[in-house]
Amino acid sequence: MTSSAQLTIDPRVALALPAHRLERLRSWMEEERLDAVAVFGADHVTHLSGYARYYGGPSGLVIGRDGERTLVVMRDEVKVAQRLADAETVVGFGVRGFGFELNPLPLLADAIAAIPAVSTASRLGLADALGGMGSLLEKRIRAEPVSAESAIWRLRLQKDEDELGKILHAYELCWLGQQAIGEAAQSGQAKEIELFTTALAAAQTTHGEPIEFYSDLLSGPNTAEVCGPIQVPSPRVARAGEPVIADVVVRANGYFGDTAETHVVGSNTEVSATRSTLLEILAQAGSELRPGTSGAQVFRAMEARILDAFPGGEFPHHGGHALGLTSFEDPHLIPSDERSLEPGMVLAVEPGVYFPGQWGARVESVFVVTAEGGVELRKALS
């Protein structure tokens, strides 16, 4: 299992990654003449400080003009935040213990307002994923507020090297879950919900801490229903000769990985041949993930290949999506997304085909966009 601390980039892959997100943020701050930026909410905090905590409390982060970061967390989180966060200073707010403060956001606003970079600011950038922090801060500071939402969104489109390492770790956990599903399904007696739980246990035990976990786990004719919420893992037994679609999604250390695989219980020549063709379509779509190409273009080419290869089959879902701090972010491989891809974007690509009332199949891998086309993440990094 690769960790971000052990990350190496394959020298044969020209990733051409953007400048670090903090450098890009500081450049934007200079353009906007901002003295500091304050962000609120777990995703913003993880993105700019690396701090991710299972079941953490409300948090905020201040980035000064000099790049210094002050992380503000609930008082009992300070010790773990000092260990895990990439921030120069960690400040606690509230009282010792949990459940005493039913409205902690005013206390968070007090702590943020007391940080020198904020209290002395003339212009302050704000990005608030908690909701309501802007109005609370305006009552406590004299700075002119400037929305940083679009700037932060723009930073998140392209991943830095350390983010790629975290995505890779979560992605590898997904594949461990897939391996566990494939092995457990061979008994011909496992229920869908048992296979779902097997994947969760494999990924979570390997990570060593609680993870976020989502999975489509469908067998036999249920696979024709594509995904949740149409059909969710059930007590149905995956029997010999049937396909099993597993779409395993894991979040670890604040970042997501995503996979889909079509397993076969025992053998089924038709399903195996369909999977092989989908893997070829997947590889072709991945190779088309070049700067300047749009998600719409990749989707249309993928859809045409699927419908041409499988007369009578349907392709009723997106062809893929970016992932990082969330499992479903911009850009998307859909007919309406004409945004140009850029180096360092990370996309999960997932062709599938479904025969109504019969069965379906889907595969999915994660690629990083490069000038030469998308490179599967495990091949780009090790």
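1. Ground rules first. This is a predicted model in which local features need pLDDT of at least 70 and side-chain atom pairs count only at pLDDT 80 or more, while totals for chains, interfaces and linings use all residues. Residues are numbered from 1 along each chain as its sequence is written, and side-chain values use heavy atoms, with hydrogens and water left out. Helices (H or I, at least four residues) and strands (E, at least two) are DSSP runs, numbered from the N terminus.

2. Six strands make up an open sheet with mixed pairing, in the order 4-3-2-1-5-6; two strands pair if DSSP finds at least two bridges between them. At the edges sit strand 4 (89-93) and strand 6 (144-147), each pairing on one side only. Ignoring direction, neighbouring strands of the sheet are turned by 25° against each other on average. Axes here are lines fitted to C-alpha atoms, for helices over the stretch in contact, and angles run from 0 to 180 degrees between N-to-C directions.

3. Strand 5 (residues 123-128) runs parallel to strand 6, and the two share four bridges.

4. Helix 2 lies across strand 1 (36-40), strand 2 (60-64), strand 3 (69-74) and strand 5, at about 40° to strand 2. Helix 4 (residues 105-113) lies across strand 1, strand 2, strand 3 and strand 4, and runs at about 15° to strand 2.

5. Helix 2 with helix 7. Two packed helices are described by the angle between their axes and the distance between the axes. For helix 2 (residues 42-49) and helix 7 (residues 149-157), the axes come within 12 Å and cross at roughly 60°. The two are therefore oblique to each other (angles under 35 degrees count as roughly parallel, over 145 as roughly antiparallel, 65 to 115 as roughly perpendicular and the rest as oblique). Their crossing is left-handed, which is the term used if the near helix is turned anticlockwise from the far one by less than a right angle, with right-handed used if clockwise. Helix 2 brings Asp43, His44, His47 and Leu48 to the contact, and helix 7 brings Glu149, Ile152, Leu155 and Arg156; contact means heavy atoms within 4.5 Å. By class, that gives three nonpolar, two polar and three charged residues (Ala, Val, Leu, Ile, Met, Phe, Trp, Tyr, Cys and Pro count as nonpolar, Asp, Glu, Lys and Arg as charged, and the others, Gly among them, as polar).

6. Helix 10 with helix 11. The axes of helix 10 (residues 269-287) and helix 11 (residues 295-309) come within 10 Å and cross at roughly 160°, so the pair is roughly antiparallel. The crossing is right-handed. From helix 10, Thr277, Leu278, Ile281, Gln284 and Ala285 meet Val298, Met302, Arg305, Ile306 and Ala309 of helix 11. This contact has seven nonpolar residues, two polar and one charged.

7. A hairpin. Strand 13 (residues 352-355) and strand 14 are antiparallel partners over four bridges, with Tyr354 bridged to Gly360 in strand 14. Three residues separate the two strands of this hairpin, and Gly357 in the turn has a positive phi of about 80°. In strand 14 (residues 359-362), Trp359 and Ala361 point one way, Gly360 and Arg362 the other, and all are buried (buried means under 20% relative accessible area, exposed over 50%, partly exposed in between, with a 1.4 Å probe and protein chains only).

8. The loop between strand 7 and strand 8. Asn222 belongs to the loop between strand 7 (212-219) and strand 8 (243-252) and counts as buried at 13% relative accessibility. Beyond neighbours within four places in sequence, Asn222 is in contact with Glu192, Gln231, Ser234 and Arg236. Val226 is in this loop too; Val226 has a positive phi of about 80° although it is not a glycine, and is buried, with a relative accessible area of 9%.

9. The peptide bond from Asp330 to Pro331 is cis, with omega near -5°, and Pro331 is in strand 11 (residues 329-332). Tyr55, in the loop between helix 2 and strand 2, has a positive phi near 60° and is exposed, with a relative accessible area of 79%.
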